[in-house]
Amino acid sequence: MRAAADLPAPAERPDPLPGANCHERSGLAPTSTSPVVALAGPPNSGKSTLFNALTGAGRAVANYPGTTVEIGRGRWVVPEIGELALADLPGTYSLNPQSPDEELTTGLLRGADLVDLVVLVCDAAHLGRSLVLAAGVRELPVRVVVALTMNDVAADRGVTVDAAKLSKRLGVPVVKVDPRRRRETGALSAAVVAAFDESVPAPLGLVPATNAGSSPSGCCPNCPPGCTCGMDAGAPDQEHLELADAEALFTWIAETSEMATTRTDEVRRNRSDLVDRWVTAPVLGPLIFLAVMWAVFQATTRLAAPLQDALDAFFSGPVSAAVKALMSALRLSGGLIESFLLNGIVAGVGMLLTFVPLMTIMFVLLALLEDSGYMARAAVVTDRLMGALGLPGRAFLPLVVGFGCNVPAISAVKVLPDARHRLLTALLVPFTSCTARLTVYLMVADTFFPGNAGTVVFAMYVVSILLVVLFGLLLRGTLFRTMGNDPLVLDLPPYQRPHPRVLGAITWTRVRGFLETAGGIIVATVTVVWLLGVIPAPGSGGHFGAVDIADSLYAWLAGLVSVLFSPAGFGEWHAVGALVVGFVAKEAVISSWAQTNAAADGDLTGLSHSVLADFTAASGGHPQAAALAFLIFILAYTPCVATLAVQKRQIGLRWTLGGVAMQFALAWLLAVAVFQTIVAFS
Amino acid sequence: MSTSTVPAAPPSPLQSILREVRAGAGGAGEVARRTGLGVDMVEAGLATLAATGRIRRVLVFASCTPSGCGGCPSATGCGTKGSPVSASELSAWRAV
């Protein structure tokens, strides 16, 4: 049995990283005497799962000294040796770094004084891709043991990798492991022990050890004079592989993969590809996406309706009764406090909380689509649509995120490489319909279009997409004419059976966000609305706290603004007041609407009836046309103040204010156009 | 006097893959269909091309994964009210 102290001492090597040298082995090793074993591999190759299996999930995550990159560290106890310091390095596809994370991995692997042995994780289901890194690591003077993961996934696709053949080809031990079931980790330990007994293996000699080289002076060897294939376009950095070396490497990978792999069932592999052919097809793909989203909204509205009704009855019944009883017991009946609790908190926040079951169901369904891998295919469809319209392909990310919440979506524009791309996308994001707006759609759709609420909500999302496209084209044809495109090949994750734990985590995170909004900013707006509702309007003659809501300062102020919306059919103070409050957050539209109607009607029930009556009167007998105009306005005007704050940070105050003006003008024009058109043809 | 022209050699697999990246194919499967290569070889080719500096891997969608928030484009929005999370990361290859 060997002790850790008996292991070969690392050789002196130059500093591999700025800020990382031999004195910073502590960045990898918990104790300076522990031999350091680095886990390296491509992203999503099962590296971290193997790390957890080897260390018993004893993971400490911290920034590597001198960098902002996180690495995982843990102790791997191997009986024959003792304790090894295991470092889970950031995933990388090659030793030619593409990011700070990969730069750290590359630097640590190149520094033999930092790492005593590399456990190279190769994904059997994506062997070719794994071999790019394997070839690079095998040029380094370091002990290597290959851990072959994802063998079950490969088997499902009819692919078997022969570990012995692969080992012979790579010149280092190859061990099949199944870290998810914690199998074969003993075999990996034995291989590591054996590797420590051996000398450092000789390099394969496939590519230069440093991968350094000058920029290519001409075209690739296969090209004739005058070739325009573009392979010589753009001078690579000094760190990059020469093209001729890359061609040789690719040939070696193809040969190795062919030699070590047995394909027993091509049909199974093609089944996933076949699904992708349909769901990412140019015409059928978008139609499938729309159909899927329609089904999501249908299921959401139908499944949630009874739950929502039950919660509504709960707040308007037992909760209201309890508040009244408490106020009576405290001898505060009929006072301002009771008014605030009943007409403010219970009516406003309570109404919003009735949407929790609905939001939960929708979040679960969307999480199902994400975790199954379908949403990535939807991104392909969106990317292609953006590209066809001449919009930047990568802009689809913030736009897709925007359908969840506009705030992180606008933050995400920073991934765009071009300032004009960032500006254009930040101006388009507010037209993506966030989940906060969904509550308003559902309430209005259920009130004015009972039985077709799901379809109406779905239509709002279609209109949202159309607005993004049309407004994008308008800007592209005017202010952003010189902007180029940015084609992409998406790295699609495999389809998988959704995991309940992941679904639960995603859903809870989103529901919690909704609840935090209801408990924070909505309580604040409810308070302000209630306060304005108990202050008498100028000339009304009432007293503070003893005024009808229709004679309040709130109604008076909303009435002043409501004139603007008469051409759109909803120029009445309840709706317009809710729109103004909705500038803070769209959930506040529902709460303030419920508040003012509860105060007027004296109870919580019948909000739908009140809204229907208000719209009927304001629209001259065309409540559905006015409701659609209202929904369009909700969709197109400023999402919330938080969006403006992040917009200002990303694109500056001038463009932010310009965007607000454009959104308001467009929202108003569309609302008026919708109302007037429907009325004209009805 | 006639001038002789050198017939164009067929593009190498790496050249074919690079051409598809520049065209903006939907995914490795689509590149495989267009080039006649296997998906695994397309993936290997993409990683190899990245090593030459001709293409780059970019993160286009990140999630709250155990790997942390370092590269997440939504990092500043993460943890805010209603901020989205996702079950997986979505990356892409783009030509440099």
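Biologist: Asp276(A): buried or exposed?

Modeller: Buried. Its relative accessible area is 11%, and the cut-off for buried is under 20%. Keep in mind that this is a predicted model.

Biologist: Which residue does Asp276(A) form a salt bridge with?

Modeller: Arg377(A). The closest N and O atoms are 2.8 Å apart. Asp276(A) sits in helix H8 and Arg377(A) in helix H12 of chain A, so the pair ties together parts that are 101 residues apart in sequence.

Biologist: And is Arg377(A) buried or exposed?

Modeller: Buried, with a relative accessible area of 2%.

Biologist: How many salt bridges over all chains?

Modeller: Seven.

Biologist: Switching to chain B. What does Glu20(B) meet in a salt bridge?

Modeller: The side chain of Arg34(B), at 2.8 Å, N to O. Glu20(B) lies in helix H1 and Arg34(B) in helix H2 of chain B, so this pair ties together parts 14 residues apart in sequence.

Biologist: Which other residue forms a salt bridge with Arg34(B)?

Modeller: Glu30(B), with the closest N and O atoms 2.4 Å apart. Arg34(B) and Glu30(B) both lie in helix H2 of chain B, four residues apart, which is about one turn of the helix. Shared partners join Glu20(B), Glu30(B) and Arg34(B) into one salt-bridge network.

Biologist: How accessible is Arg34(B)?

Modeller: Partly exposed, at 45% relative accessible area. Glu20(B) is buried at 11%, and Glu30(B) is buried at 10%.

Biologist: At what angle do H1(B) and H2(B) pack?

Modeller: About 125 degrees, with their axes 10 Å apart. The two helices are therefore oblique to each other. H1(B) passes H2(B) in a right-handed crossing.

Biologist: Back to chain A. Where is Arg331(A)?

Modeller: In the loop between helix H9 and helix H10 of chain A. Arg331(A) is exposed, at 78% relative accessible area. Its phi is positive, about 60 degrees, although it is not a glycine.

Biologist: What about the phi of Met150(A)?

Modeller: Positive too, at about 60 degrees, and Met150(A) is not a glycine. Met150(A) lies in the loop between strand S6 and helix H4 of chain A. Most residues other than glycine have a negative phi.

Biologist: Last topic, the nonpolar surface patch. Which residues form it?

Modeller: Trp556(A), Leu557(A), Leu560(A), Val561(A), Leu564(A), Val580(A) and Phe664(A), with about 590 Å² of accessible area together. Helix H20 of chain A gives the largest share, four residues.

Biologist: Which helix holds Trp556(A)?

Modeller: H20 of chain A. Trp556(A) counts as partly exposed, at 38% relative accessibility.

Definitions and conventions:
Residues are numbered from 1 along each chain as its sequence is written. Chains are lettered from A and ligands numbered from 1 in the order in which they are written. This is a predicted model: local features need pLDDT of at least 70, side-chain atom pairs count only at pLDDT 80 or more; totals for chains, interfaces and linings use all residues. Side-chain values use heavy atoms; hydrogens and water are left out. Patches are made of residues with over 30% relative accessible area and no salt bridge: like charges are joined within 9 Å, nonpolar side chains (Val, Leu, Ile, Met, Phe, Trp, Tyr) within 5 Å. Accessible areas come from the Shrake-Rupley method with a 1.4 Å probe; for residues, only the protein chains shown count as cover. A salt bridge is a side-chain nitrogen of Lys or Arg within 4 Å of a carboxyl oxygen of Asp or Glu. Buried means under 20% relative accessible area, exposed over 50%, partly exposed in between (1.4 Å probe, protein chains only). Axes are lines fitted to C-alpha atoms, for helices over the stretch in contact, and angles run from 0 to 180 degrees between N-to-C directions. Angles under 35 degrees count as roughly parallel, over 145 as roughly antiparallel, 65 to 115 as roughly perpendicular and the rest as oblique. A crossing is left-handed if the near helix is turned anticlockwise from the far one by less than a right angle, and right-handed if clockwise.
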